[in-house]
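Please look over the sequence and the model below before reading on. The paragraphs after it are meant to be read with both in view.

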Amino acid sequence: MAAQATLHCLTGCAIGEVLGMVIGTALGWSNLATIALAVVLAFIFGYALTMRGVLKAGLSLRAAFKVALAADTVSIAIMEILDNGVMLLVPGAMHTGLASPLFWGALAFAFLVAFLLTTPINRWMIGRGLGHAVVHQYHH
């Protein structure tokens with residue numbers, strides 16, 4: 001269940017992260033501006049994926065947002081720290097451009113690291129009724 005929850009969270013994060021990295025890199029933004037955009041978009045898309053599911057279960061928009069906050073905030077925050085940290089640590093990854101295999105390889109590696117290191121944290125949280133555990137009551 002923790003791996004599935006992490007993969008769900010990573011999917012939303014990856015959509016936002018890739019979009020942010022692509023926009024920032026294409027526009028020649030600084031690392032800080034690019035990462036800031038990527039993080040904001042990762043949270044938006046991460047929350048949106050969770051909200052989509054719980055809205056189908058009949059929750060109001062406000063209630064769905066509260067569930068998404070409770071379910072995803074810690075997981076997304078940890079993944080964002082990890083994957084952006086990896087991108088900064090891989091020499092040249094942030095400056096190489098969108099056509100470079102280094103950029104895409106580093107980003108894929110960053111997502112793998114984020115998944116592997118966030119899964120045990122999500123497992124711990126789910127075991128205590130936190131994180132994605134709050135979403136499961138709305139799944140049909």
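What follows is a walk through selected parts of this model.

The model is a predicted one, in which local features need pLDDT of at least 70 and side-chain atom pairs count only at pLDDT 80 or more, while totals for chains, interfaces and linings use all residues. Residues are numbered from 1 along each chain as its sequence is written, and side-chain values use heavy atoms, with hydrogens and water left out.

We begin with helix 1. Helices here are DSSP runs of H or I with at least four residues, numbered from the N terminus. Helix 1 has 25 residues and reaches 35 Å from its first C-alpha to its last, close to the 36 Å expected at 1.5 Å a residue; the expected span is 1.5 Å times one less than the number of residues. T6 is found in this helix, and because its relative accessibility is 0%, T6 counts as buried. The word buried stands for under 20% relative accessible area, exposed for over 50%, and partly exposed for values in between, with a 1.4 Å probe and protein chains only. Not counting residues up to four places away in sequence, T6 touches M79, F115, T118, T119 and N122, where contact means heavy atoms within 4.5 Å.

After helix 1 comes G28, whose phi is positive, near 70°. The loop between helix 1 (2–26) and helix 2 (31–56) also holds L27, which counts as exposed because its relative accessibility is 54%. W29 has its place in that loop between helix 1 and helix 2 as well, and with a relative accessible area of 39% W29 is partly exposed. Leaving aside neighbours within four places in sequence, W29 is in contact with G24, T34 and L37. W29 and H95 are 66 residues apart in sequence, and their C-alpha atoms are 9.7 Å apart in space.

The next element is helix 2. Its 26 residues should span 38 Å at 1.5 Å a residue, and its end C-alpha atoms are 37 Å apart, which agrees. Which residues of helix 2 are buried? They are T34, I35, A38, L41, A42, F43, G46, Y47, T50, M51 and V54, and these buried residues pack against helix 1 and helix 3 (61–89). An α-helix has 3.6 residues a turn, so residues three or four places apart point the same way.

Two of these positions can be followed in more detail. L41 is buried, with a relative accessible area of 14%, and apart from neighbours within four places in sequence L41 is in contact with G16, L19 and G20. V54 counts as buried at 0% relative accessibility, and V54 touches L59, A64, V67, V135 and Y138 when residues up to four places away in sequence are not counted. The C-alpha atoms of V54 and I35, which are 19 residues apart along the chain, are separated by 29 Å. Just after helix 2, G58 takes a positive phi of about 105°.

Last come the aromatic rings. Rings of Phe, Tyr and Trp (its six-membered ring) pair if their centres lie within 6.5 Å, and planes under 30 degrees apart count as stacked, over 60 as edge-to-face and the rest as tilted. By this rule the count comes to three aromatic pairs. The rings of F103 and W104 have centres 4.9 Å apart and planes at 90°, so this pair is edge-to-face. F103 counts as buried at 0% relative accessibility, whereas W104, at 37%, counts as partly exposed. Ring pairs also link F43, Y47 and F65 into a cluster.

Technical notes: Helix = DSSP H or I, 4+ residues; strand = E, 2+ residues; numbered from the N terminus.
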